[in-house]
Amino acid sequence: MENMIKQASVPPSVKKEVSSQAPRSWDRVQSSVSAFFVEMAQIFRFTVKFFKELVRRPYEFGETIRQCYIIGYRTLPLVGITGFIMGLVLTIQSRPTLKEFGAESWLPAMVAISIIREIGPVITAIICAGKIGSSIGAELASMKVTEQIDAMRVSARKPFKYLAVTRIIATTLMIPILVIFSDIISLMGSFIACNLQGEVSFTLFFYHVFEKVNFIDLIPAFIKTIFFGFAIGLISTYKGFNAEKGTEGVGRSANSSVVTASLLVFIIDMIAVQITSLFY
Amino acid sequence: MTHAAPLKAKPINPTANTENALEVEHLQIAFGPLQVLKDINLKLKKGENLVVLGRSGSGKSVLIKCLVGLNEPDEGKITLQGKDVSTLKDQDLELARQKIGFLFQGSALYDSMTIRENLEFPLMGKIKLKEQEINALVEEALGNVGLLDAIDKMPSELSGGMRKRIGLARTLISKPEIMFYDEPTTGLDSITSREISHLILEMQKKYNTSSIIITHDLECARITGNRVLILKDGIIAAEGTYEEIKNSKEEWISTYFQE
């Protein structure tokens, strides 16, 4: 009887809504999946276009160098400060545990290996994805919605070549350099942290570092930073070029550039670690 | 800028110049279910200013973007100086684009560049010019629009009217044979609008360009147009000189002019 009352109290329109919810959410899933694959295909086409335009004349050397300056030089302070704090904090946090095991002398080597192999490249790439990715995404999206990209096209200049290719080259070249710079500053931060609670000479600290860190440790880390740079440049230019819906689209494009590029950095890192582990 | 005598485009004698700078046949374009342009046929004669009038959302901007290749039409043929645009390869299309100029509704000045760099930009992709020649062209173009003082300013430092003029100078610097103006007077006060309209007319006379001017500003149409078309429901619904259109007995056209 109670069930009957409950059933009767549900209006027919609501019933219909409830019964149609399942197919509607299924439709939503389907459209999300298809949108994802469409976007993947578009990114693939964008990548192919990049490689085609990369080798095709005319080469925009001047703009590439300008972008290297903007992306590289102007990101140095941020990357430097972050790197310094990273080295300092990692050393301070690791010291008590190592002290407990009587392995305090391993501190420089442990911090150096962590920074060079993993933390330095990934954290620097994430910071660059935030700063450079959002800046490229917002700039290109703003150019798209204010018809500046169309203006380039009708003035017989190739906007893809001038705006996208130059920026992707610049991020691919500059992010590995920024990572090396960040690693060096991090080790300096670590050296200072070691001296906060003890006394270690500069020579002894770096003797311990290079005793354990081999040249072979640097190669996989350096190679993956090239891919990080390429991914950040590619995603942010792609998002900028495909911005829609006015100023709202500019914000969305900047945000989406950062989120997607950061996610890609982690995915590339995961793949790189798997590949590296096959050889070491 | 002052004008001693009021300028107004005179109707071109249709028999005097039979050569077409641009020809459009059966142009159609749809965005999803919305058919924006249904069947557009038009001819732009050499040295002529053709004004396309229409209400907001009538497809004027879509039409002009199809003509310069920014939108790809679903159907139809566009012939630019005797060449079918749809059959042109990328390189030939770029060469064809070097002969056209486009003034965007919002001017589309490059925000990150100075006015000088904005004007130099279209020249960089073309024939190799010496620095002195580029400087001379930039100064001439800015002089034409009366804004030589703004050469080292950034676009953000300029007013709407000044941006429009700089946009016009940037478009004209590469000496295009066909000009496209997308709402050249939108967002400007009536005095500045009139100045821009007169400037368009002056530039047409100075460089002998053929132009298509998309607008809903009747004053601009009156000043600049040798011939006027009205776009309605995706087709060209009326055609004639400004006076002919204005004096039309058709009720919908007279309503248009009363607004």
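## Helices α9 and α10 of chain A

In this predicted model, helix α9 of chain A meets helix α10 of chain A through A:P220, A:K224, A:F227, A:F228, A:A231, A:I232, A:I235, A:S236, A:K239 and A:G240. On the α10(A) side, the residues in contact are A:S253, A:S256, A:S257, A:T260, A:A261, A:L264, A:V265, A:I268, A:D269, A:A272 and A:T276. By class, 11 residues of this contact are nonpolar, seven are polar and three are charged.

Helix α9(A) covers residues 215-241 and helix α10(A) covers residues 246-279. Their axes come within 9 Å and cross at roughly 155 degrees. Because angles over 145 degrees count as roughly antiparallel, α9(A) is roughly antiparallel to α10(A). The crossing of the two helices is right-handed.

Side chains of opposite charge can pair when their charged atoms come close. Over all chains, the count comes to 22 salt bridges.

## Helices α5 and α8 of chain A

From α5(A), the contact uses A:P108, A:A109, A:A112 and A:I113, while α8(A) supplies A:F205, A:H208, A:V209 and A:K212. Six of the residues in this contact are nonpolar, one is polar and one is charged.

## The interface of chains A and B

How many residues of chain A are in contact with chain B? Chain A has 16 residues in contact with 23 residues of chain B. The size of an interface is often given as the accessible area lost when the parts come together. Between chain A and chain B, the buried area is about 1600 Å², and carbon and sulfur atoms give 59% of that area. On the chain A side, A:E147, A:V154 and A:R157 lose the most area to chain B, together 36% of what that side buries.

The count of salt bridges between chain A and chain B is one. A:E147 forms a salt bridge with B:K65, with the closest N and O atoms 2.7 Å apart.

## Helices α3 and α4 of chain B

In chain B, helix α3 (residues 115-124) and helix α4 (residues 131-144) have axes that come within 10 Å and cross at roughly 115 degrees. The crossing of α3(B) and α4(B) is right-handed.

B:I115, B:R116, B:L119, B:E120 and B:L123 of α3(B) are in contact with B:I134, B:N135, B:L137, B:V138, B:A141 and B:L142 of α4(B). This contact has eight nonpolar residues, one polar residue and two charged residues.

## Backbone exceptions

Most residues other than glycine have a negative phi, and most peptide bonds are trans. In chain A, the peptide bond from A:R57 to A:P58 is cis, with omega near -5 degrees. A:P58 sits in the loop between α2 (12-55) and α3 (61-72) of chain A.

In chain B, phi of B:H26 is near 50 degrees, a positive value in a residue other than glycine. B:H26 belongs to strand β1 of chain B, residues 20-31.

Methods
Residues numbered from 1 in each chain as written. Chains lettered and ligands numbered in written order. Predicted model: local features only at pLDDT ≥ 70, side-chain atom pairs only at ≥ 80, totals over all residues. Heavy atoms only, no water. Axes fitted to C-alpha atoms, helices over the stretch in contact; angles between N-to-C directions. Helix = DSSP H or I, 4+ residues; strand = E, 2+ residues; numbered from the N terminus. Parallel < 35°, antiparallel > 145°, perpendicular 65-115°, else oblique. Left-handed = near helix turned anticlockwise from the far one by under 90°. Contact = heavy atoms within 4.5 Å. Nonpolar A, V, L, I, M, F, W, Y, C, P; charged D, E, K, R; others polar. Buried area = accessible area lost by both parts, 1.4 Å probe. Salt bridge = Lys/Arg side-chain N within 4 Å of Asp/Glu carboxyl O.
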